[in-house]
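Take a moment with the picture before reading on.

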Amino acid sequence: MTTLLSDLPDDVLLLILDKLDTRDAVRCSLLSRRWSRVPGMLANIELDVDSFAPDPDDDHDDGFTSTLSESARSNHAMVRAVQSILAAHESRHAIRRLGLSFFSRDESVGIVRAVDDAMARPQDPRPVKPELLCAGRDVARQGARLASYRDKYPRVFAGLTRLHVECVKLGAARVSAVSEMI
């Protein structure tokens, strides 16, 4: 007796997809209509901005010259991916782990908004526990941006179990306010 992947029940399919990294699991959603629901069913979502970097061995020239740096293009792709995956996530499938590593830039607020929106939707009683990893060059500006995220999106910070921040300068009052929320 031969069993096709398409014949597997959702819970078995998810166990298999859970072994893949998030990007590969999402790519599987292109295989069939049934699998198009896969991004909305993932329990562990981990995305790293470095995985969106262009392949240095790819000599493809599409005739388009971007004024954005490679890291900015990767960050924009990361923002779109997070927004897409979290917008498609089904409330009946709890997110057990959400790990996001990205550059803290102006467009990164899209990631924080997407996490905030996901946490605002009615869902399984187990809350989303995001882990935000940020890095940047202008440490004072990054600190102000982090503080503004904390003020604008308290649900995101209330759901944190761990926060790893690099290259951010916070005053004593801001450190205290951020640490109180974690």
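Q: Which helix is included in what covers the buried residues of H1?
A: Helix H2 (22-27) is part of that cover. Keep in mind that this is a predicted model.

Q: What makes the buried residues of H1 line one face of the helix?
A: In H1 (residues 10-17), the buried residues are Leu13, Leu14 and Leu17. Looking down the axis of H1, they fall within an arc of 100 degrees, so they line one face. On the other side of H1, Asp11 and Leu15 are exposed.

Q: What makes the meeting of Arg155 and Asp116 a salt bridge?
A: The N to O distance between their side chains is 2.9 Å, and the cut-off is within 4 Å. This pair links distant parts of the chain, with Arg155 in helix H6 and Asp116 in helix H4, 39 residues apart.

Q: Why does Asp116 count as buried?
A: Buried means under 20% relative accessible area. Asp116 has 8% relative accessibility, so Asp116 counts as buried.

Q: How do you know whether Asp151 is buried or exposed?
A: Exposed means over 50%, and Asp151 has 52% relative accessibility, so the label is exposed. Its salt-bridge partner is Arg150, which counts as buried at 12%.

Conventions
Residues numbered from 1 in each chain as written. Predicted model: local features only at pLDDT ≥ 70, side-chain atom pairs only at ≥ 80, totals over all residues. Heavy atoms only, no water. Buried < 20%, exposed > 50% of the residue type's maximum accessible area, 1.4 Å probe, protein only. Helix = DSSP H or I, 4+ residues; strand = E, 2+ residues; numbered from the N terminus. Arc of directions from axis to C-beta. Contact = heavy atoms within 4.5 Å.
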